[in-house]
Amino acid sequence: MTKIVILTGAGISAESGLGTFRDDDGLWAKYRIEDVATPEAFARNPELVQDFYNQRRANAADAKPNAAHIALARLQQNWPGEVVIVTQNVDALHEAGGAVDVLHMHGELAQALCAACGHRWPAPEVMQTNEPCPACQAPSGRPDVVWFGEIPYHMARIYEHLAEAEIFASIGTSGQVYPAAAFVSEANAAGATSIELNLEPSDISRQFAERRLGRASQIVPIWVEDLLAGV
Ligand code: APR
């Protein structure tokens, strides 16, 4: 059966009220990446980094899945083949919309990680600086989010999925951050039909066989209905 692999980015959660990164009012217009999203930043000023993620965790906790998240869950439930969702997002809106087995390649705001022993546990809503690890007690709790310069999660599994994809969709991402921005060329090389659904053309739009422009909450449900109509 036809396997569908979907990559999502911040644009799919924009209409749920969560900021994107590179839009004019995005997070990187308000904060410098090197101050809040690198291991060096955490070593230099852990309080600022924890505050940044505490604020994003609180925003994400209040956010609701939108029609795009819900449509992708519907696709997973009704498509006769496998539907794999890989997200760059650290919110849990795919799961809140009913999706399962979501691969969070940049980690999850709702998880904490011990920088000393590698233990993971559900993050408290507000993480303290020097948050104690429940396993080794070291004061080394950090957000379980992949920072710039760190290796994204689940990459071997993601490349296996891309090699088997017959349809690859990229939704709500600017295609400026690797390795995610190279997934479309992996999928194309595997013979997949690729489609980009985004508010505006991205840096990698030319690599897609099809492009649909618009707001995710509008164009993703239509794309899912088009797919399911052909089942
Ligand atoms: N519907 C669809 N697309 C949208 C919407 C919307 N309502 N609003 C914005 N977009 C699009 C923008 O046009 C842009 O192309 O979503 C994309 C968001 O791009 P970025 O802000 O760069 O976010 P993303 O691509 O997810 O960033 C990738 O960069 O900073 C790192 O780790 C961070 O995971 C993030 C990664």
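Is D35 buried, partly exposed or exposed? D35 counts as partly exposed, because its relative accessibility is 23%, and buried means under 20%. The close-ups below come from a predicted model.

**Figure 1. D35 takes part in a network of salt bridges.**
D35 forms a salt bridge with R44. Their closest N and O atoms are 3.9 Å apart. R44 is exposed, with a relative accessible area of 54%. The network links R32, E34, D35 and R44. Side chains of opposite charge can pair when their charged atoms come close.

**Figure 2. K3 and E164 join distant parts of the chain.**
The side chains of K3 and E164 meet in a salt bridge. The N to O distance is 2.4 Å. K3 lies in the segment before β1, while E164 belongs to helix α7 (residues 155-164). The two residues are 161 residues apart. Their surroundings can be read from their accessible areas. K3 is buried, with a relative accessible area of 6%. E164 is partly exposed, at 48% relative accessibility. The count for the model comes to 11 salt bridges.

**Figure 3. R212 and E210 form a salt bridge.**
Here the side chains meet at 2.8 Å, N to O. R212 is partly exposed, with a relative accessible area of 22%. E210 is partly exposed too, at 35% relative accessibility.

**Figure 4. Six strands build an open sheet.**
The strand order is β3-β2-β1-β7-β8-β9. The pairing is parallel. Which strands stand at the edges? They are β3 (103-104) and β9 (210-213). Each has a single partner strand, so one side of each is left without a neighbour in the sheet.

**Figure 5. β1 pairs with β2 and with β7.**
β1 and strand β2 (residues 83-87) run parallel and share five bridges. T8 stands opposite T87 in β2. Five bridges also join β1 to β7, and these two strands run parallel. I6 has A169 in β7 as its bridge partner.

**Figure 6. β7 and β8 pair side by side in the parallel sense.**
I167 has T193 in β8 as its bridge partner. I171 has L197 in β8 as its partner. How many residues of β8 are buried? In strand β8 (residues 193-198), five of the six residues are buried.

**Figure 7. The residues of β7 point two ways.**
In a regular strand the side chains alternate between the two faces of the sheet. I167, A169 and I171 point one way from β7. F168 and S170 point the other way. What is the cover like on β7? The strand is mostly covered, with five of its five residues buried.

**Figure 8. Four acidic residues gather in a patch of negative charge on the surface.**
The patch holds D23, D24, D25 and E200. D23 sits in the loop between β1 (4-8) and α1 (27-30). D23 is partly exposed, with a relative accessible area of 34%.

**Figure 9. G141 is a buried residue in strand β6.**
Strand β6 spans residues 141-145. G141 has a relative accessible area of 1%. Its C-alpha atom is separated from that of A123 by 9.0 Å. G141 and A123 are 18 residues apart along the chain.

P179 lies in the loop between β7 and α8 (183-189).

**Figure 10. D101 and H154 have positive phi values.**
Neither residue is glycine. Phi of D101 is near 55°. D101 lies in the loop between α6 (93-96) and β3. D101 counts as exposed, at 68% relative accessibility. Phi of H154 is near 65°. H154 lies in the loop between β6 and α7. H154 is partly exposed, with a relative accessible area of 34%.

Definitions and conventions:
Residues are numbered from 1 along each chain as its sequence is written. This is a predicted model: local features need pLDDT of at least 70, side-chain atom pairs count only at pLDDT 80 or more; totals for chains, interfaces and linings use all residues. Side-chain values use heavy atoms; hydrogens and water are left out. Patches are made of residues with over 30% relative accessible area and no salt bridge: like charges are joined within 9 Å, nonpolar side chains (Val, Leu, Ile, Met, Phe, Trp, Tyr) within 5 Å. Accessible areas come from the Shrake-Rupley method with a 1.4 Å probe; for residues, only the protein chains shown count as cover. Lys and Arg count as positive and Asp and Glu as negative; His and the chain ends are not counted. The place of a charge is taken as NZ of Lys, CZ of Arg, CG of Asp or CD of Glu. Helices (H or I, at least four residues) and strands (E, at least two) are DSSP runs, numbered from the N terminus. Buried means under 20% relative accessible area, exposed over 50%, partly exposed in between (1.4 Å probe, protein chains only). Two strands pair if DSSP finds at least two bridges between them.
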